[in-house]
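Me: I'd like to learn how to read a few features of a protein model. Could you walk me through them?

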Amino acid sequence: MSKRQKVFTKYLLLLGLLLVSFVAGEMHSQTVIKAAGNPLVYTGTKPNTNVPTYNNLTHELYFSVTGKDGTTAHSNYAALSGSGDQNDSVIESQTYQSVVEHFKATNKSDKAVFVNEIISPI
């Protein structure tokens, strides 16, 4: 490889690293901006507290976040896999003290139901 090609390759790699850094920084700044509407948890313009039901079981899955000032806020409820719902929440990392995950399955039928739940990030 010629000297000119080596220099060009180095500049190209540097440009790629700068682009990745810019994109990552932009994503972080958007998260901070989104969270600015609520100092602890941002749940979007239409918060979701709907409890989905599947196979006669209600599925309540959400986070409660306690701030350093002692206040508590809740995240959006999680959606069932395959539902297509986007129920993201942004937690402000500078103002929270603790995060607790809540999961409750309630049998809505008069028969015994086998529960084998898997909770995983998308």
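This is a predicted model: local features need pLDDT of at least 70, side-chain atom pairs count only at pLDDT 80 or more; totals for chains, interfaces and linings use all residues.

Me: What percentage of the 122 residues of the protein chain count as buried?

Reply: Residues are numbered from 1 along each chain as its sequence is written, and side-chain values use heavy atoms, with hydrogens and water left out. Buried means under 20% relative accessible area, exposed over 50%, and partly exposed in between (1.4 Å probe, protein chains only). Here 18% of the 122 residues count as buried.

Me: How many aromatic pairs are there, and how do I read one?

Reply: A pair of aromatic rings is described by the distance of the centres and the angle of the planes. Rings of Phe, Tyr and Trp (its six-membered ring) pair if their centres lie within 6.5 Å; planes under 30 degrees apart count as stacked, over 60 as edge-to-face and the rest as tilted. That rule gives one aromatic pair here. Tyr62 and Tyr77 have ring centres 4.9 Å apart and planes at 15°, so they are stacked.

Me: Where in the chain do Tyr62 and Tyr77 sit?

Reply: Strands (E, at least two residues) and helices (H or I, at least four) are DSSP runs, numbered from the N terminus. Tyr62 is in strand E3 (residues 57–67), while Tyr77 lies in the loop between strand E4 (72–74) and strand E5 (90–91).

Me: Is Tyr77 buried or exposed?

Reply: Tyr77 is buried, at 12% relative accessible area. Tyr62 is buried too, at 16%.
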